[in-house]
Amino acid sequence: AATKWYQILQKRINFQSHNLTIAARVAADQLIFSTCNLALFLSSMSFLEGSDPTKKLEKNYWPVLKANWALWPAVQAVHFKLVPFEHRVLVVNIGSLGWNCFLSWLNSSK
């Protein structure tokens, strides 16, 4: 999913200003990909645990999304500015190791 997503961002979001392009890509990433990805994570974890996905989303979605927005926009801005396109998925996957541990901890503690 990340590979295809970064290809879409690279192809479709381009402005004359490099900084505006970065800001638009970060905004798209946070408003489209992250929101859907978090909903999918929480729902699928709830389903696999045998609990109600709706309740899990009602309880955890907003706090997790706020935590995401506290961290990832800055990470993605640096990422889009400094990491060559062909290495973006690798770099984000490495960074996601810690984030996914946090999500798993949060999921198990609530």
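Is threonine 35 buried or exposed? At 16% relative accessibility, threonine 35 counts as buried, where buried means under 20% relative accessible area, exposed means over 50%, and partly exposed is what lies in between, with a 1.4 Å probe and protein chains only.

Before I go on, please keep in mind that this is a predicted model, in which local features need pLDDT of at least 70 and side-chain atom pairs count only at pLDDT 80 or more, while totals for chains, interfaces and linings use all residues. Residues are numbered from 1 along each chain as its sequence is written, and side-chain values use heavy atoms, with hydrogens and water left out.

Let me stay with threonine 35, which lies in helix α2; helices here are DSSP runs of H or I with at least four residues, strands are runs of E with at least two, and both are numbered from the N terminus. Leaving aside neighbours within four places in sequence, threonine 35 is in contact, meaning heavy atoms within 4.5 Å, with Gln30, Tyr61, Leu65 and Trp69. Leucine 65, with residues up to four places away in sequence again not counted, touches Thr35 and Leu38.

Leu65 and Leu38 bring us to the largest nonpolar core, whose ten residues are Leu38, Phe41, Leu42, Tyr61, Val64, Leu65, Trp72, Trp99, Leu103 and Leu106. By a nonpolar core I mean a set of buried Ala, Val, Leu, Ile, Met, Phe, Trp, Tyr and Cys residues joined through side-chain atoms within 4.5 Å. The elements giving two or more residues to this core are α2, α3 and α4, and the largest share, four residues, comes from α3. Apart from this core lies another one, of nine residues, among them Leu9, Ile13, Ile22 and Val92. As a general remark, nonpolar side chains in soluble globular proteins tend to be buried together.

Now to the aromatic rings. Rings of Phe, Tyr and Trp (for Trp, the six-membered ring) pair if their centres lie within 6.5 Å, and planes under 30 degrees apart count as stacked, over 60 as edge-to-face and the rest as tilted. By this rule the count comes to six aromatic pairs. One of them is the stacked pair of tryptophan 5 and phenylalanine 33, at 5.4 Å centre to centre and with 20° between the planes. Tryptophan 5 lies in helix α1 (residues 2-12) and phenylalanine 33 in helix α2, so this pair ties together parts that are 28 residues apart in sequence. Tryptophan 5 is buried, at 12% relative accessible area, whereas phenylalanine 33, at 24%, is partly exposed. Tryptophan 99 and phenylalanine 102 form a tilted pair, because their ring centres are 5.3 Å apart and their planes stand at 35°. These two residues are three apart in helix α4 (residues 88-109), which means that about one helical turn separates them. Trp99 and Phe102 also belong to one aromatic cluster with Trp72 and Trp105.

Finally, what does a search of the whole structure find in the way of salt bridges? It finds one salt bridge, defined as a side-chain nitrogen of Lys or Arg within 4 Å of a carboxyl oxygen of Asp or Glu. The partners are glutamate 49 and lysine 56, with the closest N and O atoms 3.7 Å apart. Glutamate 49 is partly exposed, with a relative accessible area of 43%, while lysine 56 is buried, at 9%.
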